[in-house]
Structure formats: C-alpha cells, structure tokens
Amino acid sequence: MNNNTEDIQSKENLESNISHKNNRKAQLSQNQVPSGFLGLGENTELYFAILSGVFWMLGVVFYFSISAPQNISTILYITGAFFGGIFTFQTAGKALLQGEFAIDFLMLFAAVGAAILEKWGEASLLLFLFSLGHALEHHAMNRAKKSISALYNLTPPLALIQRKGELIEIHIDELEVGNIIVVKPNSNIAADGVVIKGSSAVDQANITGESLPIAKHPNENWQNENDISKLLPEHRVFAGTINGSGALEVKVLKKAQDSTLARLIKLVKEAEEQKSPTQHLTDKFEKYYVPSVLVVVVLLMFAFLVLDEAFQDSFYRAMSVLIAASPCALAISTPSAVLAGIARAARQGVLIKGGRPLEDLGEIRAIAFDKTGTLTEGRPILTHAIPFGKITKSHLLKVAVSVEALSDHPLAAAIVIGGKKELGDTPIPKAENLKSLTARGIKAYWEGSVVHIGNRRLFEELTGADVPEIIDSKMQELEEEGHTSMIIHQDNEYLGIIAAMDIARPEAAATLDALKKMGIKRMVMLTGDNQKVAVAIAKSIGITDPLGSLFPEDKVNVIDQLKQELGNVAMVGDGVNDAPAMARSTVGIAMGAAGSDVALETADIALMADRLDNLPFAIGLSRKAKQIIKQNLIISLGMVVLLVPLTITGTIAIGPAVVGHEGSTLLVVLNALRLLKYKI
Ligand SMILES: Nc1ncnc2c1ncn2[C@@H]1O[C@H](COP(=O)(O)OP(=O)(O)OP(=O)(O)O)[C@@H](O)[C@H]1O
Ligand SMILES: [Zn+2]
C-alpha cells in the first residue's frame, strides 16, 4: 500500500521533473498563440497579420492599375485573406470542436460572406485588420505573462554539491533533501534550504519583493532543522534568489520541484486562470448577448425583402452590424486586468490567487489581524521571573525552562532561551508528558510533580477559585505595560510568575496609518493573550479594536460579526493557527508565506515577505484593478453602442466597423496593462 503510493508519487515527481526541464517556456505561454508554428516563434501571428496587410495593399495597387489583369488583384486579396484568416480559423475551429462558440467564428463568417459576394478586397481587409488586432492583443497579454516569468527563470540548472570532500556539479533535479550545496558569491541559489556555513546578504526580490538584500548566517542547530517554515529568515535561503558577496553552504530542505519558487510559479499560473466576479457576470451576459446578435444579423440579411435594395446590400449591412456588435473587447476587458494585476502583485512579492480576491480586496472595510507574529515580531523575550514566598528564582526558572522546553509555543521559546541564559551552568532536570491546554497554557510532569504554566483562566478552572490577590495584582501591573505574564504552579503551590514581551513590528504603525488613510475604518487585533496586553500593544500601533483572551473559535465569531456590521472583511495571519478565521473572512491574507506551504495553500492572498508593508500596496492595486475593469467595460460596451446604430443605418461600412471594433479591443488590453506599472 505504502509502496504503491510512493511509486505513484515518484512517478509524478519524475514527470513534473521532465516538464520542469523542457517545458518551462511552453508552460508559461499556455493559452497563447501556437508558438512553434512554422518555427517562427511566438510572433508568428503578428508576422502573418503583417503579410496579410502587405498582400491586401498589393491587391489594392493592382486593382487600380489599369494595365494589370483583374484576377491578379483577386489572387493577391485571397492570399492576404489566407494569412489573415489562418489563425482565426484555427481558434474558431478548435473552439467549435470543443462545443464552444468563439467570437472569431463571427469574423470568419463575415469574411466568408464577403467572399461569397466576391468582395475579395473587403474579405481580405477584414481578416487583415482582425488578425492584426488580435496579434497585437496577444502580444500585449504576453508582455504581462513575461513580466512574471522573467523573475522565475533565475534558478540555475546546476548545483555545486560536496561529495566525499569533493565539489561536483549536478543537475538541480538530482538534488536530494539533506544534500549540502555550496553557493558561490554573486551566484544564483539552486535550492531551498538552511544556511550551515558562511554569511552573506541574499537578494530575494523575485520571491518576496523586498528590494534590500537579507543578511544570512548559519543556524547552529542545522543538523536537526528539516522544516523550512520553522526557520528564521536569516537562516534560510530560497532557490532562484541571488547570493551576495559571501560564500554559503546550504543544507537542502526541498527538492527542486517543491521549492518555494516552483510552488509560486504554479500558483500564479493557476491564479491567472481564475475568473473574477465581474468576469462571471460578463460571461453570463455574453451567453444571452451573442445569440441575440446572431438573430438580429440573420434578420438583417433579409432586409431586402422589405427595403428597396439588393440582397448584396442587405448582406453587407448585416456583416457590418455583426462586427460592430461582436463583444471581443468585452470578453477581454476583465481577464486582461486580472492577468496584469496578478503579475504586478507577484513582482512585489504578493501572490493574489485569482480574480475574486483581486476584486474583493479593494472593497475591504475592516481588517482583522492576528497578534503574535503578524502585528508583533513573534519572538517574545523573557523579561521577568518573580518567585513568591520561599521559592528561589533559580527553582522557578528551572521548572519553567524544563517544562517549556517541550512546548513549541512562541512564549515557550522565550522562556527557554531567557531562562537558560540566567541559569548558566545549573543542571536542569528534564520534564515529560507535555499536554498543551488551548488558549490557557501547558501541563507536564517534572521530578515526580505535576507542573502547570499558563494564564489566570487555567488556574481558575484548575482550582475552582480566583488566583491569589498578590499574583493577580503583580500580573496586572506587568500586563498594563504589555508584558504577557504566566503563572507557574507545581503540585499545590504557586511558585511565581514569569513575563515575556513581544514587540510590535517596526513597520506596523506606519502600515496601519497608511491603511487608515486609505479609508479602512476598523482595524481589529485578535489574540489569545490577555486583554491588557492587547490594549498596550494596540495603542502603540493604531489598532482600533484590540480583542484579547479569545479562543480560536472566538476569532471566527469576531470575523462573522464584523462581516455583518461592515461587509467585506480581511483577516491577516500566518495561515497556520488562524486558518479557520482566514477561511471565514472575505479575503484571507497570509503573511511571511515564503517557505510555508500551508500559508501558501490556505490564503487567498499571500504576502511572501515577512513584513506588513505590502498590505496597502495590495489594496491599492486591487482598487486600481477594479477601476480599470470598470473603464474597460465602458469602453467596450460604449464602442458597441456607438457602432451598431452607425452600421445599421449604413453610415459606416465594414472597414471602419472593424477598425472601431479592433481598436476598442486593443484599447482595453493596453488600459489593463497600465496595472503592470502600478505604484502606490
Ligand atoms: N506554552 C505556554 N506557556 C505558557 N503559557 C501559555 C503557553 N501557551 C499558551 N499560553 C497561555 O495562553 C495564552 C493564549 O495562548 P494562545 O496560543 O491561544 O494565544 P497566542 O498565540 O499567545 O496569541 P495569538 O492569538 O495572538 O497568536 C497565552 O497568552 C499564555 O498566557
Ligand atoms: Zn474581435
């Protein structure tokens, strides 16, 4: 059973390896023009459009030269129509085979109609303008896609690894977890891993968007470190980032195809295909609109039955109306903006997982933040150890350190590191049988006694009485200054209290201020920590509603309540403990997502850098995207509203209709591309 799944997995790995090696370019250019066509590359469509134009022009020249026989110009027109129509034919045919109806089909229909009327010049011009418009449109869309792929082509194909004391070069796909790779100065890093030797500054801009290099140095405990998400930023490196001037040795923690960068590429590509709410709306509209247009066009073909005109004229008018009414611009309005928005965000180290979060984020009224690790550094430091009665400080610390050594809570790390420092060489007996008591604290056995460490709630539940006054008042004093204080209790005795302090992130105050200026009304802090501590930290950074002593399920309820009161609510957290609250919010935002697969998978939006300051950027970009989508809808629908009456009344012919139609299509794409240059 086990073997089987392993087999399947390794086969999958192998396959993704192969595609990783050969198909990277091809994957990034999915949904584009068939790129290898005739070996002319991805601009084939554009070259064909130009050729089509050249033949059409020659056709015109021969048509007007009296000496040349007429059928020469016809042949030239047909050649032009061939070059202009081949891609359209391909797209329309493919869609038709899949049971779908492409707008290209309408164009082809119009061209064939013109040809039937032996209006070769018109057919050729039509297909030329249409193919030129679409080639330019694809070209522009590819620019958006390339702006991301360029950042991702930085993983070197080969890695230097140490084997039996020798340095050898191997392909990154052959790297195994646990291998030691050597990273030369100023070279690209080949794998995700933990730094074991050397120090350097690493440029991680292509993953996190941070413009300044991040200092890296060895993790002393690297032999036991196997989880990249648990490492501090200074101890871990990512494949595809650029090493600075120092040489590094790195223990590989992820295989090439699982690297943060590889995941990111996959997620961005998936995101680009996710439809936004507006697109769902326009899709629905088109479902009714396109058949209606066809009905009108067919009716118009029979206008000669009521009007005093030839069938040719009726048909010609019907074709002009068909082109004028085709919703090409409408169809591309939203996806182009979503694509450009996601690409722009990715360059800044913000992964937006589709059109929905992109559109929703701009309409956020309130943001809820997790406290520990999101608004604060998440690295509390031991500040006080206060024994009571006859208890010595050394005993208090010994008990606390040995019990907390078993816990992986951030507070535990603070107590262990700080306590050990104070205890010096004093031997510390080991505790065992740790049990963590959610939102209350922990329990373990130590030297034949039972030890509890935690907040008031824990001891009120344990003893059925309030904690002693002397403890309570000392704790209050500390909490008012923002220290998280914990009670240490052994068997039936209160040993004392221990306090730790987690400081607000340096960028928190400025970020919250920027958000306030953007019109975010409520900024809520959610924490399991004491209310007084919550208030103390909130005051220094501009949180409007600090909410403490919450159970995980309380956090979900707060989100529900905020949504009811205010509408769209975002929840910012690390995506690990606060996943339920993030899932409940309109937009779940994970912070410090580089390296954390869980955060990357669960969030709607992931801030790759372990910083808050991209939040205003993401919201601003999202608002801009929404604005551009609206403009695009106006442009595309406006052009249809303008052209349809003009073509029905015969005020303009087929040529100007195509120019207007293709012009508006190109305009909305170019408008969307403005997002690529978005700056806050
Ligand atoms: N290992 C521990 N040692 C001592 N006290 C603990 C421990 N774990 C939890 N507690 C107590 O329980 C409280 C709530 O913990 P919880 O993990 O729910 O929230 P938190 O992680 O501190 O805050 P946040 O919700 O912002 O992440 C802590 O403030 C602390 O008083
Ligand atoms: Zn079109």
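Let me begin with histidine 661, which is found in helix α24; helices here are DSSP runs of H or I of at least four residues, strands are runs of E of at least two, and both are numbered from the N terminus. The model is predicted, so local features need pLDDT of at least 70 and side-chain atom pairs count only at pLDDT 80 or more, while totals for chains, interfaces and linings use all residues. Residues are numbered from 1 along each chain as its sequence is written, chains are lettered from A and ligands numbered from 1 in the order in which they are written, and side-chain values use heavy atoms, with hydrogens and water left out.

Histidine 661 counts as buried because its relative accessibility is 3%. Buried means under 20% relative accessible area, exposed over 50%, and partly exposed in between, with a 1.4 Å probe and protein chains only. Leaving aside neighbours within four places in sequence, histidine 661 is in contact (heavy atoms within 4.5 Å) with Met107, Ile323, Ser326, Cys328 and Leu643.

Which protein atoms are the donors of the zinc ion, ligand 2? They are SG of Cys328 and NE2 of His661, lying 2.0 Å from the ion. Donors are N, O and S atoms within 2.8 Å of the metal, or 3.2 Å for Na, K and Ca; water is not among the atoms, so sites may look incomplete. The pair links distant parts of the chain: cysteine 328 belongs to helix α11 (residues 328-347) and histidine 661 to helix α24 (residues 654-673), 333 residues apart. Cysteine 328 is buried, as is histidine 661.

I turn now to a helix pair. The axes of α10 (residues 311-325) and α23 (residues 614-648) come within 8 Å and cross at roughly 175°. That makes α10 roughly antiparallel to α23. Axes are lines fitted to C-alpha atoms, for helices over the stretch in contact, and angles run from 0 to 180 degrees between N-to-C directions; over 145 degrees counts as roughly antiparallel, under 35 as roughly parallel, 65 to 115 as roughly perpendicular and the rest as oblique. From α10, Arg317, Ser320, Val321, Ala324 and Ala325 meet Val640, Leu643, Val644, Thr647 and Ile648 of α23. The residues of this contact divide into seven nonpolar, two polar and one charged. Nonpolar covers Ala, Val, Leu, Ile, Met, Phe, Trp, Tyr, Cys and Pro, charged covers Asp, Glu, Lys and Arg, and the others, Gly among them, are polar.

Next, glycine 362, in the loop between α12 (355-361) and β11 (366-370). Is this residue buried or exposed? Glycine 362 counts as buried, because its relative accessibility is 14%. Beyond residues up to four places away in sequence, glycine 362 touches Ile619, Ser622 and Arg623. Its C-alpha atom is separated by 7.4 Å from that of lysine 626, 264 residues apart along the chain.

By contrast, phenylalanine 64, in helix α3 (residues 44-64), is exposed because its relative accessible area is 63%.

An unreviewed UniProt entry places the feature "transmembrane region" at several stretches, among them residues 46-66 and 319-343. Residues 319-343 are 92% helix and 0% strand, with end C-alpha atoms 38 Å apart.

The C-alpha trace spans about 115 × 65 × 50 Å along its principal axes.

Definitions and conventions: UniProt positions renumbered as here; feature names shortened; annotations may be inferred.
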